[in-house]
Amino acid sequence: MCGIIGIENNEDAMVLTAAGLLTLQHRGEESVGITLSGKDKMKTFKYMGLVSKIFDDEILLKKLPATTAIGHVRYTTSSKSSLTNAQPFQITCIHGNISVAHNGNITNFNEIKEMLLRKGAIFSHTSDTEILLHLMAMAKGDELTDIIASSIRKLDGAFSLVILRDKTLIGVRDKNGFRPLVLGKIGNSYILSSETPAIEVMGGKYVRDIEPGEIIVIENGEIKRSFIYEISKKKNTCIFEQVYFARPDSTMFGHTVKEARIKMGEYLALQMKDIKADIVMPVPDTGYCAAIGFSRVSNILFENGLVRNYYVGRSFIKPMQNLRDLIARFKLRPIKEVINGKEIVLIDDSIVRGTTSRRLVNILKEAGARRIHFALSCPPIINSCYYGIDTPSRSNLIAANNSIEEIRKYLDIDTLTFLTLENLIKACSFDDKKNIEEDNNFCTACFTGKYPTKIPNNICKEG
Ligand code: SF4
């Protein structure tokens, strides 16, 4: 996952972009980058670590006034975590100065890279995004939209992009719309962002989603839109954004993610209507909204019995297993007075490897939990994601290799319930009668194995 942002035609472009990136920090904590375009030059700054690094850099803050900017926060899904691979990527080519920030994974990366190498291209990064820059640099024609569209048509997979060409801002979404990209407005300036809260923090208002397959070109406060492909009724927006990744205050499909998560909890309560418990308790933070929904429907008291340490980041977001283990140990601490002697419904978003959940169950038992009913607000994850979420290989996904009863025994809990796919789609669609066979909105491949695009054999997942 990554977060991307861009603003055009604004004297405060630098500070607003940095503020927007801070709001998207949850989408990537490994590196941050910003490209600024001012009177006579375009320049990119990149740092390993958090967005606050931008505010530490006095040179950047004082000396580079810019009216157009793009920014990126990164967490690694397809290449090494390093400053070299931090985005945006800036080049100078026959079509001008171009900088690109990308959220997603290009699945035919190896095939295209091979083709470009044969044509003499030289690569300086290992990131899949670099191939887009090569394709654009080699594209024929003068029209910006044609240059981008002809390059994009060669790509498969997931890509929401913000691109800067001199002082022109461009937004692109792949034809499936895997990753989000929204348009906002502040005064005479347009904003592009992965999620709506960044627009609001910048002082702007949400205008609309960029459609799957759409290119939007913003110049001097004017917008031109076109489509790379024929518009299809079928989208494949990542449903896991609503389960786990997006901020609860983000608006998706006309509702906040918080509302969708509350619905997930309500459906879980209906699935578990025979369970009696003293309290329903969330795993912070993504379990909160579902636990509220569960409590409303079941009438079981909502209690907060786990305190999260906010200074260690999200364990799922860290690419290194050894770091993940270390972080999880001190990430959540129990409030014994809440837990001791209680029968608990514990709500989390998902189980990936199972190791973090098992550690959490041990913490609750040490704090005196009498019985634990564990509920997840999505179905079992049995397939890897190739579209920008850092799920491990199938061999490391606990649900791909074990039955629900085997997982329950491994976790040493009393009951284990996963939200059904049908209920997840109903919750995210805000439609209690939704027929999942007729769903036209969501990618659900990590639960079903039905990938919306061809996955080449030579793509491998690490970990
Ligand atoms: S495979 Fe899963 S995580 Fe990946 S895009 Fe599809 S729904 Fe999202």
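A residue is termed buried if 20 or more other C-beta atoms lie within 10 Å of its own. The views below show a predicted model.

**View 1. Strand E2, with buried residues on both of its sides.** Ser 31, Gly 33, Thr 35 and Ser 37 point one way from E2, while Val 32, Ile 34 and Leu 36 point the other way; every one of these residues is buried. In a regular strand, side chains alternate between the two faces of the sheet. Seven of the seven residues of E2 are buried, so the rest of the structure largely encloses this strand.

**View 2. The pairing partners of E2.** E2 pairs with E3 in the antiparallel sense over seven bridges, and Ser 31 stands opposite Met 48 in E3. Four residues lie between E2 and E3 in the hairpin that the two strands form. E2 also pairs with E4, again in the antiparallel sense and over seven bridges. Within E4, Ile 70 is the bridge partner of Thr 35.

**View 3. The open sheet of seven strands.** The strand order is E3-E2-E4-E1-E10-E9-E11, and the pairing is antiparallel. Strand E3 (42-48) and strand E11 (205-209) are the edge strands, each pairing on one side only. Direction ignored, neighbouring strands of the sheet are turned by 15 degrees against each other on average. Strands of a sheet pair through backbone hydrogen bonds, either parallel or antiparallel.

**View 4. Strands E1 and E10 with helix H1 lying across them.** Strand E1 (residues 2-7) pairs with strand E10 (residues 189-193) in the antiparallel sense over three bridges. Leu 192 in E10 is the bridge partner of Gly 6. Helix H1 (residues 13-23) lies across E1, E10, strand E2 (31-37) and strand E4 (68-74), and runs at about 25 degrees to E4.

View 5. The C-alpha centres of domain 1 and domain 2 are 33 Å apart. Neighbours within four places in sequence left aside, Val 345 is in contact with Ile 275, Ala 277, Val 280, Met 281, Phe 294, Ile 300, His 373 and Ala 375.

**View 6. Helix H9, largely enclosed by the rest of the structure.** Of the 15 residues of H9, 12 are buried, so the helix is largely enclosed. At 1.5 Å a residue, H9 should span 21 Å, which agrees with the 21 Å between its end C-alpha atoms.

View 7. Apart from neighbours within four places in sequence, Thr 237 is in contact with Gly 177, Phe 178, Asn 441, Phe 442 and Cys 443. Thr 237 and Asp 432 are 195 residues apart along the chain, and their C-alpha atoms are separated by 19 Å.

Conventions. Residues numbered from 1 in each chain as written. Predicted model: local features only at pLDDT ≥ 70, side-chain atom pairs only at ≥ 80, totals over all residues. Contact = placed C-beta atoms within 7 Å. Expected span 1.5 Å × (residues − 1). Domains from an automatic or database assignment. Pairing = 2+ DSSP bridges. Axes fitted to C-alpha atoms, helices over the stretch in contact; angles between N-to-C directions.
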